[in-house]
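Biologist: Can you walk me through this one? I'd like to hear about helix packing, then the aromatic rings.
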Amino acid sequence: MGSEFCLRQAGARGGAAAGGGTMVEYRIRPYRDEDYDAVREVFAASMSEYAPALCQHVLRQPWVLLLLGCTFCLLLASARSLLLPVLAVTLLLALARHLLGYAWSAYIERCLADDLHDIAASYAESAGARFWVAEVDERVVGTVGARPGDAEGELALKRMAVRKGYRGSGIATALGRTVLAFARQSGCQAVVLNTLMVQHEARALYERLGFCWHRRYVLPTVYGHLANCTITVYRYDLSSAP
């Protein structure tokens, strides 16, 4: 499935300063069937890390703060004791965290049951798609895919993920550039991708690669509006890129 790259990057593991990091030798190659379990594990583990940030985002929403504040004040006025409202709010926060964690896990499972259920078929070359993995010491540590987008001439970057211990070594940047190179070779006009409001590091990476903010919208579901679940679409215009 396409070309294979072997890269050496001086970087740091786990976000340490580059000056104190070790040499990380990695290889970006096309996906093989034996990578199936590793790809799904890397993606699921990477996405699971956003659960705490998602909880914080939801709990900062005005209607949530109002609900918690009203509950506290009503219980304080009726019980005339500080202990009861504190316990009630604590229980509500614990329940909310549990429900949000469950919802996020369900979202990850839906992704695994979608294009990552049959990776070879979802990213078949015959459909104009590709999937790559980053490998260190014969271990899959990063993933990225590319499929035709909704608009003609667009390629959608999908499922970018890097194991936590290997971030900061240039692997994600190399994966992104691999997709851009494939898009150019395929004659695409643009590469597009979606990010969630909690994916701050991912957005910074895409901006460094040259992607530009294209549009933003709230997920068109009841949960999306309640949680203010914002999707930001980035676009890399190949027609104007150097």
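Modeller: The crossing of H3 and H4 is right-handed, that is, the near helix is turned clockwise from the far one by less than a right angle. Helices here are DSSP runs (H or I, at least four residues), numbered from the N terminus. This is a predicted model: local features need pLDDT of at least 70, side-chain atom pairs pLDDT 80 or more, while totals for chains, interfaces and linings use all residues. Residues are numbered from 1 along each chain as its sequence is written, and side-chain values use heavy atoms, without hydrogens and water.

Biologist: What angle do H3 and H4 pack at, and how far apart are their axes?
Modeller: About 150°, with the axes 8 Å apart, for H3 (residues 62–79) and H4 (residues 83–113). Axes are lines fitted to C-alpha atoms over the stretch in contact, and angles run from 0 to 180 degrees between N-to-C directions. H3 and H4 are therefore roughly antiparallel (over 145 degrees).

Biologist: Which residues make the contact?
Modeller: On H3, they include Leu-68, Phe-72 and Leu-76; on H4, Pro-85, Val-89 and Leu-92 are among them. Contact means heavy atoms within 4.5 Å.

Biologist: Now the rings. How many aromatic pairs are there?
Modeller: Six in the whole structure (ring centres of Phe, Tyr or Trp, its six-membered ring, within 6.5 Å). One is Tyr-123 with Phe-131: edge-to-face, 5.0 Å centre to centre, 65° between the planes. Edge-to-face means planes over 60 degrees apart.

Biologist: Are those two buried or exposed?
Modeller: Tyr-123 and Phe-131 are both buried (under 20% relative accessible area, 1.4 Å probe, protein chains only). Together with Tyr-31, they form one aromatic cluster.

Notes:
Helix = DSSP H or I, 4+ residues; strand = E, 2+ residues; numbered from the N terminus. Parallel < 35°, antiparallel > 145°, perpendicular 65-115°, else oblique. Phe/Tyr/Trp six-rings, centres within 6.5 Å; stacked < 30°, edge-to-face > 60°. Buried < 20%, exposed > 50% of the residue type's maximum accessible area, 1.4 Å probe, protein only.
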